[in-house]
Amino acid sequence: MNIEEFFELSSGKWFSHRTSHHLAFKQSEGGKSDIIIETLAADHPEVIKLCEQHQVEPSSGNCGARVTWNGTMEWDKEKHEGSTVLVAIPNLDNPMEGKLLREMGYAEKTPVAGSYKMGSDDALTLTTEYETMWSEERLWFASPNLRMRVGILKRFGGFSMASFTSEIRMGGTSPAAKTNDTASNSAS
């Protein structure tokens with residue numbers, strides 16, 4: 001699977017349940033979110049704008065996605081909501097690796113560029129270095145409608161957090177299902 005196929009398989013509405021372990025506090029925290037992921041074509045205006053913002057030639061991006069979330073965490077009971085655009089910029093010599101541009105980072109609310117790597121096991125690993133922290137996240141599909149994520153967040157100065165997230169597709173149709181529906185309808 002390549003990065004574009006991963007984005008396509010990720011599109012839809014998801015229910016996300018995350019457990020985070022704050023190592024410094026020796027405490028765990030749960031959280032729940034609704035997430036909507038939409039794929040964006042390489043020539044979509046938001047993809048072009050993000051490339052230009054990061055001073056990357058827009059034609060070098062091969063796919064993008066808009067991620068919107070609305071959720072809560074146990075500790076603060078506040079609503080956590082927002083949206084960001086992602087753009088994959090594959091390396092010319094190895095398209096299974098590249099840059100991942102984000103309109104807004106997950107750990108810090110500023111634009112950020114990290115890196116991605118698609119593994120031979122179809123898992124996506126994202127690594128991002130922020131101004132005050134470092135994160136690594138690994139995402140994979142247990143089935144077309146069940147996605148898993150594990151993450152590590154390290155602040156420079158010692159604070160660390162590890163998380164496990166399961167995401168269940170709640171809406172939209174996986175690309176495989178769309179293909180099967182089209183085949184069934186044309187056979188009728």
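Helix H2, which spans residues 45-53, gives the most to the lining of the largest cavity, with 4 residues. The model described here is predicted.

**The cavity**

Rolling a probe the size of a water molecule over the atoms shows where empty space is left. The structure holds 1 cavity of 30 Å³ or more, and about 30 Å³ of space lies in the largest cavity. Its lining is formed by Glu46, Lys49, Leu50, Gln53, Val85 and Glu103. Sorted by class, this lining has 3 charged, 2 nonpolar and 1 polar residues.

**Cysteines**

A search of the whole structure finds 0 disulfides. Cys51 has a relative accessible area of 0% and is therefore buried, because buried means under 20%. Cys63, at 5% relative accessibility, also counts as buried.

**Residues with positive phi**

Most residues other than glycine have a negative phi. Which value does the phi of Gln55 take? The angle is near 55 degrees, a positive value in a residue other than glycine. Gln55 is placed in the loop between H2 and strand S3 (63-73). Asp122 is not a glycine either, yet its phi is positive, at about 70 degrees. Asp122 is found in the loop between strand S6 (112-118) and strand S7 (124-129).

The table lists the accessibility of the residues discussed above.

| Residue | Relative accessible area | Class |
|---|---|---|
| Cys51 | 0% | buried |
| Cys63 | 5% | buried |
| Gln55 | 75% | exposed |
| Asp122 | 30% | partly exposed |

Gln55 is exposed because its relative accessible area of 75% is over 50%, whereas Asp122, at 30%, counts as partly exposed.

Key:
Residues numbered from 1 in each chain as written. Predicted model: local features only at pLDDT ≥ 70, side-chain atom pairs only at ≥ 80, totals over all residues. Heavy atoms only, no water. 1 Å grid on protein atoms, 1.4 Å probe; cavity = no way out; pocket = protein on both sides within 12 Å on 5 of 7 lines; lining within 4 Å. Points joined across faces, edges and corners; volume = space filled by probe spheres on them. Helix = DSSP H or I, 4+ residues; strand = E, 2+ residues; numbered from the N terminus. Nonpolar A, V, L, I, M, F, W, Y, C, P; charged D, E, K, R; others polar. Disulfide = S-S within 2.5 Å. Buried < 20%, exposed > 50% of the residue type's maximum accessible area, 1.4 Å probe, protein only.
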